[in-house]
Amino acid sequence: MKKAAPFFVLLAGILWGMIGIYVRNFQAQGFTSLEIVVVRTLVTAVVLFLVLLFYNPALLKIRLRDLWCFIGTGVLSIVFFNYCYFKAITLTSLSVAAVLLYTAPAIVMMLSAVLFRERITSVKVVALFATVLGCVFVTGLSGATGRLSVGGILVGLGAGLGYALYSIFGRYALERGYSSLTISFYTFLLASFAILPMADLKIIYETCTSDTGMLFFCLIFGLVSTVLPYLLYTAGLTWMENSKASIIASVEPVAATVLGVLVFQESLTVNQFIGIFLVVGAIVICNVDFDC
């Protein structure tokens with residue numbers, strides 16, 4: 001299972017990168033970004049609850065003293081990261097916000113060194129540099145004139161911090177003996193509680209239940225963009241360091257770019273190609289048997 005861990009994380013990143021397909025459909029239905037997040041968290045929480053209920057109800061049990069781990073993954077990570085990311089998009093630009101979001105691997109590396117005594121090696125630093133630079137090229141920031149402001153940069157870095165905190169609090173939950181199913185369920189249950197007051201539930205319900213096709217689409221959205229990748233990523237954390245997992249998961253913008261080319265006939269620029277090469281190179285470095 002340890003050898004499969006990098007592939008779990010890689011697949012999680014690819015599945016996250018496919019979210020653009022679903023987002024475009026929801027936007028065509030008139031959904032706001034916040035409403036899409038609500039659908040994502042609610043569907044995920046309900047699906048995982050049913051899976052746990054029929055698969056192994058014992059996995060629904062958690063110790064009250066460990067609740068802070070799931071508040072960390074659900075509220076401080078999922079809700080905080082989404083809020084900051086969408087706010088950063090309004091204050092800067094999509095490309096600037098995306099690059100600031102992918103400061104997450106650096107944040108994970110630093111926090112993991114302090115909290116879990118993970119070593120910061122030269123190989124990790126090279127892989128991290130290649131990842132961040134690759135994301136700059138893939139998202140189109142290089143050569144772009146994105147809007148910059150102190151507030152926008154701070155909020156964007158907040159998104160990166162929130163994104164990184166899932167790995168940190170998820171690690172604490174794993175060390176306390178919880179399975180990836182349990183961690184993912186309570187993550188999105190608490191995230192749902194935190195985000196529901198911000199949305200118009202009537203509009204969301206009416207749109208999602210307007211016909212069978214839309215209801216099925218919402219279910220697939222939750223399964224493919226959230227349930228599977230978070231289960232895979234959390235399972236991968238069981239067998240590998242946070243810093244490496246975070247770098248490998250940065251394949252997400254690469255997957256999104258390739259998907260845009262294959263599905264939406266978007267053009268692939270030279271800069272994006274360079275970015276893909278850098279990110280893939282970083283993933284390879286993380287999986288070569290160096291002393292790191």
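Lys124 is buried in this predicted model, at 2% relative accessibility; here buried means under 20% relative accessible area, exposed means over 50%, and partly exposed lies in between, with a 1.4 Å probe and protein chains only. The N to O distance between the side chains of Glu241 and Lys124 is 2.5 Å. A salt bridge here is a side-chain nitrogen of Lys or Arg within 4 Å of a carboxyl oxygen of Asp or Glu.

The pair links distant parts of the chain, 117 residues apart: Lys124 sits in helix α7 (residues 122–139), while Glu241 belongs to the loop between α11 (212–239) and α12 (242–248). Helices (H or I, at least four residues) and strands (E, at least two) are DSSP runs, numbered from the N terminus.

A word on the ground rules: residues are numbered from 1 along each chain as its sequence is written. Because this is a predicted model, local features need pLDDT of at least 70 and side-chain atom pairs count only at pLDDT 80 or more, whereas totals for chains, interfaces and linings use all residues; side-chain values use heavy atoms, with hydrogens and water left out.

In total, the structure holds 3 salt bridges, and here they are side by side.

| Salt bridge | N to O distance |
|---|---|
| Glu241 and Lys124 | 2.5 Å |
| Arg63 and Asp66 | 2.8 Å |
| Asp66 and Arg176 | 3.5 Å |

Salt bridges that share partners join Arg63, Asp66 and Arg176 into one network. Asp66 takes part in the bridge to Arg63 and in the bridge to Arg176. Asp66 is buried, with a relative accessible area of 4%. Its two partners are partly exposed, Arg63 at 33% and Arg176 at 31%.

Now for the bridge between Asp66 and Arg176. Asp66 lies in the loop between α3 (33–55) and α4 (67–91), and Arg176 in the loop between α8 (150–175) and α9 (180–195), so their pairing ties together parts that are 110 residues apart in sequence.

One more arginine is worth a look in your viewer. Arg117 has a phi near 60°, a positive value in a residue other than glycine. This residue is found in the loop between α6 (104–115) and α7. Arg117 is exposed, with a relative accessible area of 66%.
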